[in-house]
Amino acid sequence: NTIAAGTGATGENLEDLKASFSDVFAEVPQDAQTVATAIADVNTEFGFTGEKLERIAELALGAGRAMGEDMSGLIKATADTLIAFGEPMEGAEGLMDKLTVAAQNSGTSMQDIADKVVKFGPQLNAMGVPMDEAVALMANMEAKGIDAGRMMPGLNTAMDKLAKEGVTDIAGGLADAIEKIQNAETDTEKLALSMDLFGAGAGVKFKDAIDKGAFAIHGPGGMLEAINNSDGALGDLAESTLTSSDKFAIFKNKEAGVLEPVGGFASTLGPMLMVLPGLSGAIGVMSGAMGALNLSMGPVLLVVLAIAAAIAAGILIWKNWDKIVEFFKKTWEKVSKKVSDIFNSKWGWLLPGGAFIKAINLIKENWDTIWNG
């Protein structure tokens with residue numbers, strides 16, 4: 001229901017998304033509702049299906065669990081960032097890896113960095129700043145305690161000034177101006193240069209930001225280098241932070257996936273399904289007891305589930321025995337008639353009344369005459 005409502009998918013498209021849900025649900029510790037929401041959000045924001053959808057959904061779920069991210073918000077912010085910089089949606093996994101490292105190095109959230117990149121995308125695009133550098137810049141400013149929102153008016157002023165001076169490479173012009181401010185001999189000179197470029201109001205803020213290294217994203221050990229070496233960062237983080245509880249939750253999800261078809265028996269089993277909540281409670285008690293004994297619940301639970309499945313199957317057969325007998329009776333009649341027809345058409349001459357038997361009888365009846373002859 002969540003997937004259908006979130007995507008508007010029907011028919012085969014919905015069946016494909018349900019299949020992806022089952023695959024992802026069996027690999028993560030989150031509940032079914034959370035996984036279904038991830039599937040719907042990724043399909044809506046990126047348009048992905050199949051393995052690509054499943055991979056991004058798993059990464060988003062991993063970020064929600066390991067990084068405390070708002071999963072839906074992160075999915076949307078990631079897609080919006082790619083759109084803002086004209087990047088293909090296929091770059092989603094790489095961007096999420098970069099946002100992971102950027103967040104770890106700045107002390108802020110992945111979504112917050114992505115939201116700022118999107119918010120200030122027009123200015124950054126006008127400067128010719130590529131997406132990776134924009135992510136590094138926003139993360140670096142956060143790491144240095146600089147509010148990017150308060151810096152943008154001054155950045156607009158600087159861009160206008162450089163454009164009026166005939167500078168065509170705005171990003172390069174800003175980099176040169178910032179380097180000149182950094183290399184000024186006195187604070188007074190730094191402030192004067194900063195106010196001249198960014199305006200009287202923003203000059204003080206930019207001088208402080210430059211002193212703190214907020215714009216120093218290039219070079220060895222810089223933020224840009226860190227995010228450019230981030231391949232697989234989010235997937236590795238999600239895997240390495242799985243707790244024992246998470247792993248048991250994954251096992252339960254796999255179990256639920258295996259038992260899902262039993263739900264289709266509900267209308268037939270009727271009141272007998274009341275046994276299942278008791279079974280669930282019993283499994284919970286057993287899990288606690290086994291944990292106290294430091295024993296694995298896995299093999300015991302498999303045996304319990306196997307017995308439960310066998311009982312359910314037995315009840316189903318018992319309640320429908322007459323229908324089963326009638327079905328096989330009709331089936332046997334059809335099969336036996338088909339076999340008989342085939343045999344008669346191919347080998348009927350061997351049967352009583354067939355040509356072969358008639359020939360034998362003719363020989364027997366006239367044997368003496370033939371022999372004597």
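I started at the surface, where Ile360, Ile363, Trp367 and Ile370 form a nonpolar patch with about 370 Å² of accessible area together. Two elements give two or more residues each to the nonpolar patch: α21 (355-365) and α22 (367-372). For patches, I took residues with over 30% relative accessible area and no salt bridge; nonpolar side chains (Val, Leu, Ile, Met, Phe, Trp, Tyr) are joined within 5 Å, and like charges within 9 Å. Accessible areas come from the Shrake-Rupley method with a 1.4 Å probe, and for residues only the protein chains shown count as cover.

The model is predicted: local features need pLDDT of at least 70, side-chain atom pairs count only at pLDDT 80 or more, and totals for chains, interfaces and linings use all residues. Residues are numbered from 1 along each chain as its sequence is written, and side-chain values use heavy atoms, with hydrogens and water left out.

I then looked up Ile360, which is found in helix α21. Helices here are DSSP runs (H or I, at least four residues), as are strands (E, at least two), numbered from the N terminus. Ile360 is partly exposed, because its relative accessible area is 34%. My cut-offs: buried is under 20% relative accessible area, exposed is over 50%, and partly exposed lies in between (1.4 Å probe, protein chains only).

**Helix α5**

How far does helix α5 reach from its first C-alpha to its last? It has 14 residues (71-84) and reaches 20 Å, close to the 20 Å expected at 1.5 Å a residue. The expected span is 1.5 Å times one less than the number of residues.

I listed buried residues in α5; among them are Met71, Gly73, Leu74, Ile75 and Ala77. Their cover includes α3 (32-46), α4 (50-66), α6 (92-106), α7 and α9 (131-143). After α5 comes Gly86, with a positive phi near 65 degrees.

**Met110**

Next I went to helix α7 (residues 110-119), where Met110 is found. Is Met110 buried or exposed? Met110 is buried, because its relative accessible area is 0%. Leaving aside neighbours within four places in sequence, I found Met110 in contact with residues including Ala63, Met67, Leu74, Met96 and Leu234. Contact means heavy atoms within 4.5 Å. I also checked Asp70: its C-alpha is 9.3 Å from that of Met110, though the two are 40 residues apart along the chain.

**Salt bridges**

A salt bridge needs a side-chain nitrogen of Lys or Arg within 4 Å of a carboxyl oxygen of Asp or Glu. By this rule I get 13 salt bridges.

Glu15 pairs with Lys18, the closest N and O atoms being 3.3 Å apart. Both lie in helix α2 (residues 11-25), three residues apart, about one turn of the helix. Residues three or four places apart point the same way, because an α-helix has 3.6 residues a turn. Glu15 is partly exposed at 44%, and so is Lys18 at 41%.

Asp196 pairs with Lys161, with the closest N and O atoms 3.9 Å apart. Asp196 lies in helix α12 (residues 187-198) and Lys161 in helix α10 (residues 148-164), so the pair ties together parts that are 35 residues apart in sequence.

Asp211 pairs with Lys207, the closest N and O atoms being 3.0 Å apart. Both lie in helix α13 (residues 200-211), four residues apart. Asp211 is partly exposed at 38%, whereas Lys207 counts as buried at 15%. Salt bridges that share partners join Asp187, Lys190, Lys207 and Asp211 into one network.
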